[in-house]
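Here is my notebook from an afternoon of looking things up in a protein model. Come along and check each entry against the picture.

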Amino acid sequence: DFDIIVVGSGCAGGVAAYVAASAGKSVLVVERGNFAGAKNMTGGRIYSHSLKQVFPDFESEAPVERKITHERIAMMDPSSQMTVDFTSSELGEEGKDSYSVLRGPFDQWLAEKAEEAGAEYICGIAVEELIKDESGRVTGVRAGDDEITAEVVILAEGTNSMLSERCLGNARPKANQMAVGIKEVFELPANVIEDRFLLPEGEGAAMLFVGDCTKGSVGGGFLYTNKESISLGLVATISLAADGSRNEVPVYQMLEDFKNHPAVAPIIRGAKMVEHSGHMVPEGGYNMIPRYVFDGCLIAGETAGLCMNMGYQVRGMDFAVASGRMAAEAAVAAIDAGDTSAAGLASYKTAMEGSFVIQDLRTFSKWPHVMEEWGSMFTDYPVMVKEVFNAMFSVDGAPQRPLMKRMRPIIKKRGALKLGREVMKAVKAL
């Protein structure tokens, strides 16, 4: 019997376990991977602001890779790429900084911190069911042959949450709200990474791609520089990636073509691929968040759909860390007050609603739908950008017309009003 059982030890679960154990509660973490981080594949970044609230000096001990000081956004068609490359000292300022991470070692570090605070771990076993009493209140978990009870269960098992659906009645996410992510890690010496990305020693770059990388489907590519490796991959919406009539290229072939694109191949030239992984990713934003407060149970992290892909910015880990912290704080307060009903745990929803987590997701709630309907962003826009820049930079010895006259036919064949309406709709959603 425990005060709190945490299901899953990713960012949300690891932080929840640490916060609850630090408050003196008996905590059990049940992780179905053989160790924390065994099944987490994110090749990405964590924004430090939420982590600092739990671990103020995490930079000195956490296994983060590089501080991201260079941002790149690329639009590509099969033979070209236009990239915006931005760097600023402000990106590295405390509270605004972010770091590339490899989730295997990072999640293990979180688990170690939780264990140091007093949490107990069981790894390599899946929670098959949430136990309930006669009134429907969650009172524990069933894992294998064991039934373990608790005052509060915090569900943080990741995006493919069978327990949320089967035991709590939350609807399964729609196919257009989910994406499949596929990633490979390539080993490269630190100095080679810094030379290829024009980075100062120890600093890192994040890069997002749109267009040919997903063969015109909704989604995009990503690249993050680690200390001595590069995380490279792509994300494609499941509803399109699985529809052979609309998209004849399977996701694994998308990745192969992406790696061989003339703008990407030189980045990983001579590198050794040391990891290949795939995972589902929540992409529906605010409109896919399920109910996350129940009698005796709270939901945090990706299990609650807390992820946001803005096209120019991808966030999830800072949401997970913050929600894990707030879930643990609410559970501790409810146990101390002797009321772990949904009403007694309601401070979690109050905290979430008042935080950046729900407010940011609500602010950009229209964006996933706009992106889903904006097919030309992934097909024609990269071609149009190529035509524009070819008109600007190509010199063949023939007398050149004024620049605007060169641009006009490129815009005219797509319809200036149509382009304007599409861009304004996107701006409003953002």
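**Nonpolar patch.** I began on the surface, where Ile73, Val84, Tyr312 and Leu430 form a nonpolar patch with about 330 Å² of accessible area together. I noted the rule for patches: members have over 30% relative accessible area and no salt bridge, like charges are joined within 9 Å, and nonpolar side chains (Val, Leu, Ile, Met, Phe, Trp, Tyr) are joined within 5 Å. The accessible areas come from the Shrake-Rupley method with a 1.4 Å probe, and for residues only the protein chains shown count as cover. I looked up valine 84 and found it in strand β5 (residues 80–87). Helices (H or I, at least four residues) and strands (E, at least two) are DSSP runs, numbered from the N terminus. Valine 84 counts as partly exposed because its relative accessibility is 46%; buried means under 20% relative accessible area, exposed over 50%, and partly exposed lies in between (1.4 Å probe, protein chains only).

**What I am working with.** This is a predicted model, so local features need pLDDT of at least 70 and side-chain atom pairs count only at pLDDT 80 or more, while totals for chains, interfaces and linings use all residues. Residues are numbered from 1 along each chain as its sequence is written, and side-chain values use heavy atoms, leaving out hydrogens and water.

**Positive patch.** Which residues form the positive surface patch? I found Arg401, Lys405, Arg408 and Lys412. Lys and Arg count as positive and Asp and Glu as negative, with His and the chain ends not counted; the place of a charge is taken as NZ of Lys, CZ of Arg, CG of Asp or CD of Glu. Lysine 405 sits in helix α14 (residues 403–412) and is partly exposed, at 44% relative accessible area.

**Salt bridges.** I used this rule: a side-chain nitrogen of Lys or Arg within 4 Å of a carboxyl oxygen of Asp or Glu. The count comes to 31 salt bridges.

- Glutamate 157 and arginine 32 meet in one, at 3.9 Å from N to O. The pair links distant parts of the chain, 125 residues apart: glutamate 157 is in the loop between β10 (146–155) and α4 (162–166), and arginine 32 in the loop between β2 (27–31) and β3 (43–47). Is glutamate 157 buried or exposed? I have it as buried, at 9% relative accessibility, whereas arginine 32 is partly exposed at 40%.
- Arginine 315 bridges to aspartate 360, with the closest N and O atoms 2.8 Å apart. Here strand β19 (residues 314–315) holds arginine 315 and helix α10 (residues 356–363) holds aspartate 360, 45 residues apart. Arginine 315 is buried, at 10%.
- Arginine 414 bridges to aspartate 380, with the closest N and O atoms 2.6 Å apart. Arginine 414 is buried at 11%, and aspartate 380 is partly exposed at 27%. I also saw that Asp380, Glu387, Lys413 and Arg414 are linked in a network of salt bridges.

**Two cysteines.** Cysteine 167 lies in the loop between α4 and β11 (178–187) and is buried, at 11%. How far apart are the C-alpha atoms of cysteine 167 and cysteine 11? I wrote down 23 Å, for residues 156 apart along the chain.

UniProt, in an unreviewed entry, places "domain: FixC-like C-terminal" at residues 367–429. UniProt positions are in the numbering used here, feature names are shortened, and annotations may be inferred rather than shown by experiment. Residues 367–429 are 78% helix and 0% strand, and their end C-alpha atoms lie 5 Å apart.
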